[in-house]
4 protein chains.
Amino acid sequence: MIENDKFREECGIFGVFSRELEVAPLIYYGLIALQHRGQESAGIAVSNGREILQKKGLGLVDEVFRGYNLEELKGALGIGHVRYSTFGGSSLVNAQPLTFKCRLGNLSLAHNGNLVNAGEIREQLEGQGTIFQTTNDSEVIAHLLAKSTTSELEGAIISALSQVKGAYSLLIMTLDKLIAIRDPHGIRPLVLGKYHKSYVVASETCALDTIGAEFIREINPGEMVVIDKDGVFSSTIFAGKCKGFCSFEYIYFSRPDSELQGKNVHSVRKNLGKILAKNYPVQGDLVTGVPDSSLSAAAGFAEELKIPYEMGLVRNRYIGRTFIKPSQELRNIGVSLKLNPVKQLVNGKRVVMVDDSIVRGTTAKKIVNLLREAGAKEVHVRISAPPVRFPCHLGIDTSSKGELLANSRDVEKMREIIGADSLAFLTEKELLEGIGFTDGLCTGCFTGDYPVQIKGGKKLEI
Amino acid sequence: MIENDKFREECGIFGVFSRELEVAPLIYYGLIALQHRGQESAGIAVSNGREILQKKGLGLVDEVFRGYNLEELKGALGIGHVRYSTFGGSSLVNAQPLTFKCRLGNLSLAHNGNLVNAGEIREQLEGQGTIFQTTNDSEVIAHLLAKSTTSELEGAIISALSQVKGAYSLLIMTLDKLIAIRDPHGIRPLVLGKYHKSYVVASETCALDTIGAEFIREINPGEMVVIDKDGVFSSTIFAGKCKGFCSFEYIYFSRPDSELQGKNVHSVRKNLGKILAKNYPVQGDLVTGVPDSSLSAAAGFAEELKIPYEMGLVRNRYIGRTFIKPSQELRNIGVSLKLNPVKQLVNGKRVVMVDDSIVRGTTAKKIVNLLREAGAKEVHVRISAPPVRFPCHLGIDTSSKGELLANSRDVEKMREIIGADSLAFLTEKELLEGIGFTDGLCTGCFTGDYPVQIKGGKKLEI
Amino acid sequence: MIENDKFREECGIFGVFSRELEVAPLIYYGLIALQHRGQESAGIAVSNGREILQKKGLGLVDEVFRGYNLEELKGALGIGHVRYSTFGGSSLVNAQPLTFKCRLGNLSLAHNGNLVNAGEIREQLEGQGTIFQTTNDSEVIAHLLAKSTTSELEGAIISALSQVKGAYSLLIMTLDKLIAIRDPHGIRPLVLGKYHKSYVVASETCALDTIGAEFIREINPGEMVVIDKDGVFSSTIFAGKCKGFCSFEYIYFSRPDSELQGKNVHSVRKNLGKILAKNYPVQGDLVTGVPDSSLSAAAGFAEELKIPYEMGLVRNRYIGRTFIKPSQELRNIGVSLKLNPVKQLVNGKRVVMVDDSIVRGTTAKKIVNLLREAGAKEVHVRISAPPVRFPCHLGIDTSSKGELLANSRDVEKMREIIGADSLAFLTEKELLEGIGFTDGLCTGCFTGDYPVQIKGGKKLEI
Amino acid sequence: MIENDKFREECGIFGVFSRELEVAPLIYYGLIALQHRGQESAGIAVSNGREILQKKGLGLVDEVFRGYNLEELKGALGIGHVRYSTFGGSSLVNAQPLTFKCRLGNLSLAHNGNLVNAGEIREQLEGQGTIFQTTNDSEVIAHLLAKSTTSELEGAIISALSQVKGAYSLLIMTLDKLIAIRDPHGIRPLVLGKYHKSYVVASETCALDTIGAEFIREINPGEMVVIDKDGVFSSTIFAGKCKGFCSFEYIYFSRPDSELQGKNVHSVRKNLGKILAKNYPVQGDLVTGVPDSSLSAAAGFAEELKIPYEMGLVRNRYIGRTFIKPSQELRNIGVSLKLNPVKQLVNGKRVVMVDDSIVRGTTAKKIVNLLREAGAKEVHVRISAPPVRFPCHLGIDTSSKGELLANSRDVEKMREIIGADSLAFLTEKELLEGIGFTDGLCTGCFTGDYPVQIKGGKKLEI
């Protein structure tokens with residue numbers, strides 16, 4: 001089976017404050033809309049005003065809640081979470097939301113992002129006698145909240161978050177309040193919406209659309225929004241930091257129908273494809289994307305060069321969660337299980353394959369090979385992003401630096417490794433131009449230049 | 001939730017004869033590749049030379065076999081089946097393959113298609129003292145086989161099938177043989193492939209590709225292919241009938257990477273989109289398909305008219321099997337759960353929405369409405385097939401004639417009902433031209449003219 | 001793990017005809033009360049007057065219906081079944097009730113017993129072109145019913161059953177009738193009860209008690225009882241045969257709280273223990289039963305001889321369905337997983353272990369050994385039944401003759417094999433005396449003398 | 001359905017330190033042997049020397065681990081836990097073992113018992129900024145361990161446990177050590193055993209027997225046993241406290257084949273039955289126990305008075321986990337679903353029903369009624385323990401004081417409420433005499449006199 005050689009987003013979050021509705025079904029559908037941001041565990045916590053009830057599990061949202069009666073999660077206030085987690089026996093404990101009791105009362109947390117100083121803080125806290133039951137950054141934040149000497153929750157939040165560095169789009173639920181905070185760089189997305197008389201906070205606008213909620217605006221970098229029975233209150237709790245919104249949200253993570261910073265994701269991707277075509281043209285008989293993430297860029301590339309845009313690679317939608325280990329024979333041809341090159345289309349043709357990124361290069365190499373076996377005369381690879389030369393420390397599960405194809409290799413060397421006839425990437429400048437911002441974006445994985453200082457550059461591994 | 005207003009294919013079949021391999025894993029992956037042909041039950045039966053072992057269940061292939069040890073299905077010969085079934089308490093009994101013992105020995109059957117005289121034969125057989133445990137046509141064939149007076153299996157097959165009319169692509173497994181038969185009109189697809197030293201029979205070529213098998217050729221209409229340890233033997237058991245391959249396999253059912261009668265499905269669809277554009281052009285700012293089935297046609301339409309091809313509607317891939325009943329509020333906005341119109345793209349625009357078919361029109365109406373709510377200035381609908389005016393009797397689950405939007409309505413009336421600014425369909429002639437055959441295709445659902453005589457036109461309902 | 005060296009009952013059946021109640025919950029609880037008669041599959045079929053709905057599955061009743069909404073089985077008439085089945089891929093198809101359609105309409109069958117000429121009939125029917133989808137005798141009966149030339153169901157039943165020989169307690173459900181029939185020898189139990197205005201038929205009275213139904217009477221050997229909206233109608237369809245009620249129902253199968261032929265099962269067992277004590281006394285320090293089936297006999301034995309009755313062997317109630325394969329180490333000591341000898345009680349003592357039967361002798365040998373390892377000075381084994389020298393052909397899953405410990409061995413040889421200090425069995429005469437009937441019971445497994453003629457003595461194996 | 005009117009034990013624990021074996025299967029079987037101590041969640045944690053892996057879930061051991069591959073828990077050191085938990089959305093978080101990381105390294109805890117000052121400590125710790133993710137006392141101990149200023153684990157354990165009061169039989173696992181501690185009163189049982197070269201610690205000796213381990217001795221009150229690669233080290237960490245072993249372990253909780261303080265549980269129970277018979281005799285025709293827990297006492301009672309011991313009440317073993325809500329009709333007669341009175345035995349008889357305890361009296365009342373409906377002429381109730389007048393604070397889930405039948409009622413009043421012809425209990429003195437100790441047992445639930453001081457007597461409820 002083709003291993004997915006992609007960056008992996010680590011979380012999606014969704015919260016609702018209502019006065020009248022059962023929120024669990026809304027959160028359920030909101031999480032399904034955000035499922036692309038995390039597929040290994042899911043959870044919902046709701047407050048019924050007296051206590052916090054929750055249900056978490058491993059698997060897709062649909063799997064976790066299949067056969068479960070959502071009416072057991074009665075409450076008009078709730079948060080939900082989808083996440084990737086490392087495999088292993090203990091991964092269920094890492095499912096979020098993280099619900100706990102402390103001097104500030106009953107709280108539940110859902111977090112998207114990665115704290116770059118979580119390891120240091122953990123060490124300090126452990127030294128002070130703290131126990132950690134998970135490897136989540138949420139638990140770090142929970143301890144900092146509980147240990148803050150400020151008696152009020154809002155103060156404790158400011159105090160706790162002023163100690164952490166990195167990316168956090170964070171939902172905090174009390175028995176009667178929903179609080180949403182975005183880190184001072186605004187690294188991960190977070191948006192505010194309205195659904196009838198209820199307020200909704202979500203990682204992406206597509207989740208608002210899914211439940212029919214109206215998009216109000218993005219939560220700003222450094223902003224804390226408190227939603228309770230008296231309304232919505234905003235305060236800027238951290239200010240003045242340069243922005244650092246993740247450019248990979250445009251390139252790969254976010255759903256094409258989401259709107260980030262006022263821009264539709266599909267349109268940005270298509271535009272990147274056009275720039276790629278304009279600046280790195282190639283004589284080809286057809287353009288194909290690698291389904292599903294690069295279809296927009298491929299369409300833009302084809303449109304720009306007026307080369308036919310074809311479905312040269314077809315994805316098997318049902319292969320995802322197959323459990324059986326392929327025998328040796330199957331393994332040898334296993335690459336076809338997920339992606340099928342269409343022989344009739346590519347045979348004898350000069351194929352331009354547009355993808356959105358190359359991480360380790362293993363998949364790109366396999367696909368180029370598949371296309372050649374299917375008869376492609378030439379295979380030209382065009383990537384609608386710059387080469388990934390550095391790991392991400394801000395919420396994405398990346399390979400270590402040494403595994404990155406672009407690490408210490410030039411484009412020609414990379415071309416050789418993946419076996420393409422030609423290979424081209426966007427530059428950082430072209431990327432930013434394509435997105436439509438000249439600054440304010442994090443391009444750390446391309447440049448090594450992150451909005452927050454990375455100490456040693458090592459992510460926590462427990 | 002949007003109900004899927006599509007014809008529904010009723011089955012996919014896959015069989016392997018090997019000398020050396022465990023075939024269950026191959027069948028498992030083959031069925032996953034054919035999952036689009038039937039998603040409500042799945043089953044695998046294998047022969048170990050002494051007995052037939054089987055495992056069947058309700059749900060996707062992955063769900064039926066999750067946690068099941070495929071090694072319990074040890075055997076070098078086997079067949080598999082995916083199917084739609086009518087809902088209800090007894091649907092598990094209808095899962096195929098159908099395995100039984102009779103005077104011809106232990107047999108297992110997997111069937112794709114629909115017999116138009118099944119009801120009559122059932123009545124006759126019941127009158128003769130036969131019991132029916134399922135509502136499958138396979139069981140009808142099984143009884144006819146067992147009751148044939150011919151002592152040899154091949155003879156019994158000819159005798160049995162000469163009594164039935166309609167569509168059948170059929171796999172019959174004995175303890176040591178795999179037999180594949182296609183009805184004399186070749187209504188449903190069936191192809192032969194080779195995997196190392198093993199022979200494979202499948203509904204579509206994409207299933208061969210998935211396991212890395214090589215495509216040999218289609219099974220011909222009226223042909224019986226017998227595969228055993230001595231090799232592959234072909235005989236034409238029914239001849240001289242005009243061909244009647246289902247045109248909807250091109251339009252909607254088959255996977256875009258499959259090859260039908262020498263033609264790639266995606267290419268045919270794209271071509272249909274181009275013809276649609278040429279003959280029914282429209283001034284539009286963007287073209288969007290309705291994911292996933294009409295994307296090829298939409299791309300062809302856009303390419304032909306040089307209108308930008310955009311992702312104006314995004315499908316939520318994870319919504320499929322959600323179990324919770326949306327509350328009244330959710331129901332009202334429920335249509336967005338499955339398809340999300342991208343406001344930023346369609347707002348203020350003249351949108352051309354290309355779809356592959358309209359059956360009852362309910363979905364088309366909802367999507368047009370969604371696009372308008374998202375701000376589309378105009379919505380023009382183009383359908384890459386003729387209006388569906390008649391039900392199918394040959395293997396597809398269609399609405400009754402009265403429910404079909406095109407039944408007794410002209411295009412203008414249909415346009416009005418779905419609320420589009422303009423609406424156009426292909427003619428039958430354009431369809432055939434686009435597919436590339438001037439005859440030999442069944443277009444019964446457009447014309448009422450079927451390759452087999454339909455008595456009263458009523459499908460069996462038990 | 002200790003293999004259970006017991007005869008295994010093959011089925012329990014339960015049916016309800018009501019005018020007003022949903023019967024599925026009653027059947028559900030009735031089957032749970034009969035769970036000891038069959039633990040490998042369970043099923044319920046109900047008629048709603050228009051069609052028969054059913055749900056069947058592998059496992060305990062509780063497992064099959066866990067998470068299933070019984071309201072999907074709406075109907076005021078229904079039957080249920082629990083069964084043992086042979087292991088293997090195809091065992092689900094053997095779950096009953098067997099529901100089918102034939103010239104007599106929609107029918108559903110639940111059968112307890114074994115037909116001794118099923119193999120012959122199958123061969124004949126196959127020769128006539130019949131297919132068999134299961135290895136159940138119910139399917140044989142279904143075919144005979146459908147093939148009868150009598151147009152009325154009751155006549156067809158008489159015609160069909162006059163062709164079969166062996167044991168059958170049978171429920172037949174139409175869309176609006178419940179029919180109960182017992183074979184002319186009355187080999188398997190079947191009782192009639194009343195629950196408010198509803199009528200209930202069940203394998204044992206304990207199932208009536210469980211739902212609070214009142215016991216009316218046993219269905220007589222050769223009797224057919226038809227229950228419909230007009231009431232209960234009895235007819236003797238087969239008469240004059242000598243009775244042959246299974247003596248093992250008293251010894252082991254039936255629940256101690258059931259009443260068979262007017263006798264409470266526990267009381268019979270206790271009485272057998274007393275006779276055993278009187279006729280085969282032994283000097284012992286304590287008497288222990290082997291939980292759970294021989295506790296009544298052990299109590300009787302102890303009471304008669306005034307030896308203390310102790311819990312010398314304790315059963316682990318939760319071990320039943322453990323799935324993990326014990327490693328070699330665990331296997332060696334595995335016998336303790338199911339039965340734990342209580343060292344403090346047996347150490348240094350002369351232990352009398354009372355069991356209800358010895359089949360292959362493997363378990364008896366292991367338990368004697370366990371008791372010795374726990375320190376027992378002497379182990380005397382007393383069996384409250386005669387030696388099992390012959391297989392059963394009438395509804396019980398027995399070992400082949402050669403495997404039976406008592407086959408071609410005298411008591412002294414058996415004692416040696418199981419390693420006891422002494423061993424005694426009841427004689428057939430003592431058994432009958434203990435039960436309280438001098439004739440009319442089947443003691444075929446002790447004497448080889450069955451109420452029906454056994455041809456070759458081979459059970460059907462497909 | 002009959003509600004179980006019994007005290008409920010809250011936990012069973014089991015740990016193994018091995019050098020060579022995979023311990024997960026041993027723990028699995030050990031937990032099954034302890035399943036009677038807790039049936040609502042189960043978990044196993046193992047150390048592979050580098051990290052702690054765990055699997056926990058709701059349900060029986062068999063259910064939690066069904067389909068799970070125990071090989072994912074590879075390790076030669078591990079602990080397991082079964083527990084009752086309060087129902088509700090968040091109960092999974094309370095499943096043990098509790099695994100965490102702190103300055104002392106990776107630790108996992110399994111706890112049986114109840115801390116009477118947990119609430120106070122929680123409040124203090126929360127005031128200091130601690131968060132609580134569960135309502136387990138284990139988490140309180142975990143925090144105290146982590147916060148201790150002693151750098152060594154053993155020292156930290158002493159420091160932490162010196163702050164808690166109440167009952168604890170506790171297993172603490174590090175990456176390479178297994179530590180077992182019993183509270184200074186020895187309230188809950190804990191025993192040490194040997195399995196080949198491995199050491200085992202378990203709540204009861206029956207769990208040692210089950211895996212074939214040899215019983216070494218009980219862990220003493222106030223003792224800490226450390227097991228690592230160098231062997232087994234014992235230290236008395238708390239001394240001089242009067243003993244307070246729970247007398248209810250003899251009366252009801254422990255398995256009859258377990259040995260507590262050198263005494264076999266079944267023998268103690270039988271002895272209590274004899275004393276009850278001697279001191280509170282009654283003219284009866286038969287004695288029956290209430291299965292399963294009072295069978296030993298009932299047998300002793302019958303033996304002493306030479307009244308026949310009969311199975312007057314039969315328990316339905318399969319009713320346990322039924323999920324369907326009985327309709328109103330079923331509810332009215334629902335009491336029979338679990339316990340079936342045997343009419344033939346009790347009709348017209350003077351029945352002596354021996355039970356081991358009465359808590360709220362609801363079940364006793366129902367059973368007396370059942371027996372009368374079954375025709376009993378007289379029903380005499382004998383309880384092999386004193387009246388329960390006080391709740392337990394030391395590890396048992398009891399009703400509040402007000403709900404206890406014996407609270408503020410004399411025996412005559414109780415007799416009247418349950419509707420018996422006569423009623424008698426043991427006195428505390430008779431109980432102690434029957435067990436065989438004149439002091440050293442906790443009889444708090446009978447006398448209100450607990451081995452530890454109960455402040456306000458309120459258990460923590462979060």
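Residues are numbered from 1 along each chain as its sequence is written, while chains are lettered from A and ligands numbered from 1 in the order in which they are written. In this predicted model, local features need pLDDT of at least 70 and side-chain atom pairs count only at pLDDT 80 or more, whereas totals for chains, interfaces and linings use all residues.

The predictor assigns the complex an ipTM of 0.90 and a pTM of 0.91. Where pLDDT is low, the predicted coordinates should not be read in detail.

Chain A is divided into domain 1 (8-241) and domain 2 (268-437), with bounds that come from an automatic or database domain assignment. The C-alpha centres of domain 1 of chain A and domain 2 of chain A are 34 Å apart. Contact between them involves 12 residues of domain 1 of chain A and five residues of domain 2 of chain A. On the side of domain 1 of chain A that touches domain 2 of chain A, there are four nonpolar, four polar and four charged residues. In this classification, Ala, Val, Leu, Ile, Met, Phe, Trp, Tyr, Cys and Pro count as nonpolar, Asp, Glu, Lys and Arg as charged, and the others, Gly among them, as polar.

The contact of chain A with chain B takes 50 residues from chain B and 50 residues from chain A. Several helices of chain B each supply at least two residues of the side that touches chain A, among them helix 2 (61-65), helix 6 (205-211), helix 8 (265-279) and helix 9 (295-305). Helices (H or I, at least four residues) and strands (E, at least two) are DSSP runs, numbered from the N terminus. Helix 1 of chain B gives the largest share of this side, five residues. The side of chain B that touches chain A has 27 nonpolar, 13 polar and 10 charged residues.

Copies are superposed by least squares on the C-alpha atoms of residues with pLDDT of at least 70 in both.

Chain A is superposed on chain D by a rotation of 179 degrees with 0.1 Å of shift along its axis (RMSD 0.1 Å). A:Thr130 comes closest to this rotation axis among the residues of chain A, at 3.9 Å (C-alpha). Here too, 100% of the interface residues of chain A are also interface residues in chain D, so the copies meet through the same surface.

An unreviewed UniProt entry places the feature "binding site" at A:Ser293, A:Asp355 and A:Asp356. UniProt positions are given in the numbering used here, feature names are shortened, and annotations may be inferred rather than shown by experiment. The three positions are spread over 64 residues of sequence but cluster in space, with a largest C-alpha distance of 7.8 Å. A:Ser293 is found in the loop between strand 18 (286-289) and helix 9 (295-305) of chain A. With 19 C-beta neighbours inside 10 Å, A:Ser293 counts as partly exposed. A residue is buried if 20 or more other C-beta atoms lie within 10 Å of its own, exposed if 12 or fewer, and partly exposed in between, with C-beta atoms placed from the backbone. Apart from neighbours within four places in sequence, A:Ser293 is in contact with A:Tyr252 and A:Asp356. A:Asp355 belongs to strand 21 (residues 350-355) of chain A and is buried, with 23 other C-beta atoms within 10 Å.

Technical notes. Two residues are in contact if their C-beta atoms, placed from the backbone, lie within 7 Å.
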